[in-house]
Amino acid sequence: MAETLQIGEIAIEMTRKDVKHVHLSVHPPAGRVSLVAPRATRVEVARAYAISKMGWIREQRARLKAQARETPRRFVERESHYVWGRRYLLTLVEADEKPGVCLGHSRITLRVRPGTSAAKRADIIHDWHKTLLHEVVPPLIAKWEAKLGVRVTGYYLQRMKTKWGGCNHRAGNIRLNTELVKKPKDLVEYVVVHELLHLIEPTHSERFIGLLDKHYPSWREARAELNALPLAAEKWRE
């Protein structure tokens, strides 16, 4: 059960788990702060630790606040869109034929019927994003299933407002945020590895961190790069 440590203007969500050390995190997009502590940790000890880290907490929250954020996409001519970490300009073609999307050297061509609404254009692009991810994700899962000795029963792609992925370790499946299509492919791989490791260790415990260190040593750099990239325009729920 989570407790709240109120330190000045900052509320810190404290959870006790079977860990050896205290873990303090500042989460995107809004800078929510969490603290995971060993079960025997007294509240006053956790509070003292958090107070000692207030400078770092404020620095991380300021970084997130200043982080680049996309303006709402309207899916109009010459609008910027990102695919696999690269910026493309959108070309909008209206024609009385089946809608579709084509990726060129520097442009994304979106073909729609005349009068197609912005919401419908967004749905067409989102379906295309899922198609791109379906081409990339299965080989990554197969690669890391073999490396980690795990078995994935299935994966799901969906819009997710607060995280890049999720894992249901009991059912053996993982979920991936469709926003990942906008990020470099090596960062997609990091998220896949992260979620597959949850099939071995469900929580973000010391053991989980050790597994990340062993199998994906550059995970901290990957996480920092992923969280430094522009956020989607929609409001994320905390």
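How many bridges join S6 to strand S8? Six bridges do so, and S6 and S8 (residues 107-112) run parallel. Strands (E, at least two residues) and helices (H or I, at least four) are DSSP runs, numbered from the N terminus. Two strands pair if DSSP finds at least two bridges between them.

This is a predicted model, in which local features need pLDDT of at least 70 and side-chain atom pairs count only at pLDDT 80 or more, while totals for chains, interfaces and linings use all residues. Residues are numbered from 1 along each chain as its sequence is written, and side-chain values use heavy atoms, with hydrogens and water left out.

**The sheet**

S6 and S8 belong to an open sheet of four strands in the order S5-S6-S8-S7, with mixed pairing. S5 and S7 (100-103) are the edge strands, each pairing on one side only. On average, neighbouring strands of this sheet are turned by 35 degrees against each other, direction ignored. Axes are lines fitted to C-alpha atoms, for helices over the stretch in contact, and angles run from 0 to 180 degrees between N-to-C directions.

S5 and S6 form a hairpin with two residues between them, and Trp 84 in the turn has a positive phi of about 50 degrees.

**Thr 41**

Thr 41 lies in the loop between strand S4 (32-38) and helix H1 (43-52). Thr 41 is buried, with a relative accessible area of 13%; buried means under 20%, exposed over 50%, and partly exposed in between (1.4 Å probe, protein chains only). Leaving aside neighbours within four places in sequence, Thr 41 is in contact with Met 14, Arg 16 and Ala 46, where contact means heavy atoms within 4.5 Å.

**The largest pocket**

A pocket is an open set of points on a 1 Å grid over the protein atoms alone, where a 1.4 Å probe fits, with protein on both sides within 12 Å along at least five of seven lines; lining residues have an atom within 4 Å of a point. The largest pocket is lined by 47 residues, and Ser 25, His 27, His 194, His 204 and Arg 223 lie nearest its centre. Helix H6 gives the largest share of this lining, six residues.
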